[in-house]
Amino acid sequence: MVEALIGDEAFIRGCAAIGASLAVGLSGIGAGIAESGIGAAAVGATAEDREFFGLGILFTVIPETIVIFGLVVSFMLIFAM
Amino acid sequence: MLKPERMVKVSVVGPRDRLEIVSDTLHRLNVLHIEEPTESDAFKIGEPFEKASKISRNLLQLRSYISYLKLDPSKILPHKKYKSKEIEEQLSKKLQEYNEEIGKRLEQIKALEEETKALDEELKIIEPLKVLNVPPALLKGYKTIKCFVGFVKSDPREEISKITDLFDIILVNYEKEFVVAVFIKSEFADEVLKILQTLGFREITVPDISDYESRIKEIEAKKIEISEKRKKIEEEIEELKLKESELLLAIEEFLSSELDKAELPLKALVSKYTFVIVGYVPAKKFEEFKNKLESTGKLVVEKLDEEDDSAPTLLNNPPFVKDFEVLSTTYAVPKYKELDPTWIMSIFFTIFFGMMLGDMGYGLLVLVMSLYLKKIFKTEGWQRLLNIGVYCGISSIVFGFIYGEFFGPFLVPGHEDAGEVHWAGEFLSSLYAFNHYHPIFDRVEEFGVKALLFVVLLLGMFKILWGFLLGFYNVYAEHGLKEAIFEKGSWFIGVLGLAFIILGFSYNLGIFSSPPPHGFGYILPAPPENAPPLPIPGLVEGWELGANDFYKIAVVLLVVWFVMFLKAEIPKMGVFGVFMVVELMTWFGQIISYARLLAIGLSSVYIAFVINYVVPKIVEVMIPVEMLVTVVAVIIMVLAHAVNLLLGILDPGLQSLRLHYVEFFTKFFEGGGRKYAPFGRVKKFIEEGGE
């Protein structure tokens with residue numbers, strides 16, 4: 001049964017699609033967790049000093065790279081099929 | 001453009017009694033960046049001129065009025081500029097006038113505020129007494145009976161009855177507490193008071209009034225009267241503000257300048273008869289500076305040192321690049337001898353933004369909005385920021401034309417009918433008749449995504465390598481060739497090795513040897529069949545097949561890098577320096593990080609597509625009336641596009657900024673320079689040079 005599935009192209013495509021979505025979704029959660037801490041600190045710093053606003057936003061988007069990695073992986077999975 | 005403006009260190013020496021004239025001239029010239037002096041035996045830091053304390057007193061007063069009137073000089077564009085002389089003449093008269101017109105009124109307002117406060121306090125006392133409903137005359141003035149009036153937290157009857165039965169009590173609920181009046185024989189007063197205190201008793205002093213109702217009415221009437229009075233005074237102040245705001249700010253500017261001048265001795269070294277001021281002047285202005293200053297007489301201006309590492313930084317950029325200084329100096333101000341990265345940023349920031357947003361419609365809106373806001377916000381900072389908006393708008397329009405997007409794409413894989421995908425699809429499609437009704441580069445379909453991914457990764461490699469080259473130059477300029485090779489050169493070679501690995505990987509995938517959508521066409525001979533994309537000896541079967549020339553070059557480069565790396569790190573970090581090899585993976589991550597140029601754009605494209613494609617369909621099902629369908633659909637689409645545009649401005653802007661700050665600047669840009677801040681000020685409300 002398992003061997004039959006592994007040979008089935010539709011099954012492989014399905015797995016790839018699930019993998020791609022997991023790559024984006026999970027890395028999105030990861031980035032979200034990372035950004036929550038930075039974002040809270042950035043808001044605090046901005047409350048102390050309005051000048052920090054620009055830099056604060058910048059710090060907040062730094063972990064977004066993680067999602068980009070996930071996205072690249074998902075592209076590779078989808079287009080490799 | 002690449003490097004900050006050249007500076008010359010100068011000293012100004014002269015007799016001490018000329019200091020006042022010198023300070024006047026220096027302030028007017030506004031070119032000398034004065035260094036903080038250090039004292040020595042013979043030379044001490046000077047003391048401010050006598051007039052300083054008077055000026056600062058006046059200034060303080062004036063600024064308090066300005067802050068009360070909420071005048072922001074950066075938001076006011078002067079209609080006319082005042083002459084310094086004009087201001088000097090009427091200074092004392094005007095200051096007195098302001099003290100009377102504004103200062104007195106502010107005091108009146110304060111007095112009224114206090115009066116209101118007192119009335120409010122009285123109300124707070126009377127209201128609970130009114131609830132108690134005992135006339136004030138009955139609450140005090142007894143001879144043998146003591147009367148406690150106040151708040152308690154719970155009923156005291158039981159406790160009091162333990163002492164005596166001879167008491168009377170009135171207890172009423174009042175805002176989560178009780179108001180109480182206890183009448184008791186004087187001899188028990190002390191004991192009862194103790195009991196009450198355990199219950200949280202707070203006494204109310206009964207006022208000398210005859211009737212609560214009428215007093216409350218009286219107070220309310222008085223409060224209204226006060227607020228009317230206050231309103232009138234505020235109106236008068238507002239009137240004054242309209243009339244006098246520019247003059248007020250001009251006087252503030254004048255006094256600030258005077259204070260600067262009066263405090264110059266704090267930045268100078270003085271002996272009994274002489275003074276010395278040391279500072280920096282831009283090299284090209286030196287001659288003019290020297291001539292003008294020396295023409296005031298009895299002075300010597302001298303060049304101290306041509307090349308000086310600690311000179312302040314004055315960025316020197318043409319207008320287009322200058323607008324981006326806001327963004328680059330937010331990261332750091334370059335050191336005097338460092339390269340100024342603003343010009344690179346100005347070009348790539350614009351391109352990156354366009355690449356990500358890439359939509360003619362959105363770009364047009366960004367452009368129009370920036371131009372419109374430029375007319376409203378006239379201050380320099382806003383103008384520069386909005387200029388960046390203009391450039392980014394234009395760049396988005398250009399890329400939008402290449403991508404074939406106007407508020408969304410008109411071709412999406414799986415939906416070939418342009419009229420169905422996009423409300424103006426037919427028209428857009430006909431616009432591209434010259435290219436078989438296809439966008440010049442379609443980033444939505446498969447080949448587009450692949451190609452753009454490859455292009456942005458190339459761009460990433462290129463910029464990271466460039467960053468290391470610039471870093472090589474900076475280290476070379478500061479520490480010499482050997483340091484530069486070990487610190488930046490080795491990483492350059494390492495990253496180049498990574499780049500070749502990515503190229504080798506792409507080659508084995510067939511990107512250079514197959515037709516779209518799988519590759520760029522037949523650029524190179526095809527890789528052997530069944531060549532594994534990532535041929536790792538020992539791990540991947542048949543790796544020999546995949547070992548193409550790119551990989552071979554990469555291996556050579558990585559070996560060279562590794563040797564150089566060990567030579568640089570082992571002496572510094574010891575054997576554990578080997579673990580620093582992991583850092584190469586950081587650069588790999590940073591190359592991949594450029595994929596955001598593709599990703600962020602795609603997300604906004606798909607949101608736009610969904611808006612154009614799905615909204616009309618949903619509205620059609622939800623609303624049966626045909627006339628309404630169009631109206632509702634248009635409203636929803638406009639709102640949705642507005643949200644998407646907002647995201648489309650914020651995200652590409654931030655990500656583009658981040659690609660520079662994190663992935664590019666870290667390779668070469670240290671910063672930590674001091675901004676050139678000449679003694680003097682740019683006059684806004686006073687005519688320049690009108691002394």
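Where in chain B does B:Asn30 lie? Look for the loop between helix H1 (19-29) and strand S2 (33-34) of chain B, and you'll find B:Asn30 there. Keep in mind as you look that this is a predicted model.

To spot B:Tyr437, go to the loop between helix H14 (425-431) and helix H15 (446-479) of chain B. With a relative accessible area of 47%, B:Tyr437 is partly exposed, because that value falls between the 20% limit for buried and the 50% limit for exposed.

Now let's move to a pair of strands. In chain B, strand S5 (residues 167-174) and strand S6 (residues 177-185) run antiparallel, and 8 bridges join them.

Next come the charged side chains. Over all chains, the structure holds 35 salt bridges. One of them is between the side chains of B:Glu20 and B:Lys51, at 3.3 Å from N to O. B:Glu20 sits in helix H1 of chain B and B:Lys51 in helix H2 (residues 51-68) of chain B, so this pair ties together parts that are 31 residues apart in sequence. Both ends are partly exposed: B:Glu20 has a relative accessibility of 41%, and B:Lys51 has a relative accessible area of 33%.

Other salt bridges stay inside one helix. B:Lys290 forms a salt bridge with B:Glu294, with the closest N and O atoms 3.5 Å apart. These two residues are 4 apart in helix H7 (residues 286-294) of chain B, so about one helical turn separates them. B:Lys290 is partly exposed at 23% relative accessibility, and B:Glu294 is partly exposed at 27%.

Elsewhere, B:Asp24, B:Glu258 and B:Lys261 are joined into one network by salt bridges that share partners.

Finally, let's see how the chains meet. In all, 20 residues of chain B are in contact with 14 residues of chain A. The size of an interface is often given as the accessible area lost when the parts come together. Here, chain B and chain A bury about 1,500 Å² between them, with 82% of it on carbon and sulfur atoms. The elements giving two or more residues to chain B's side are H15, helix H19 (583-593), helix H20 (596-622) and helix H21 (626-664) of chain B. H21(B) supplies the largest share, 7 residues. Sorted by class, this side of chain B has 11 nonpolar, 4 polar and 5 charged residues. How many salt bridges cross the interface of chain B and chain A? The count is 0, although 4 residue pairs are in polar contact across it.

Definitions and conventions: Residues numbered from 1 in each chain as written. Chains lettered and ligands numbered in written order. Predicted model: local features only at pLDDT ≥ 70, side-chain atom pairs only at ≥ 80, totals over all residues. Heavy atoms only, no water. Buried < 20%, exposed > 50% of the residue type's maximum accessible area, 1.4 Å probe, protein only. Contact = heavy atoms within 4.5 Å. Buried area = accessible area lost by both parts, 1.4 Å probe. Salt bridge = Lys/Arg side-chain N within 4 Å of Asp/Glu carboxyl O. Polar contact = N/O pair within 3.5 Å; in protein donor to acceptor, adjacent residues only side chain to side chain. Nonpolar A, V, L, I, M, F, W, Y, C, P; charged D, E, K, R; others polar. Pairing = 2+ DSSP bridges.
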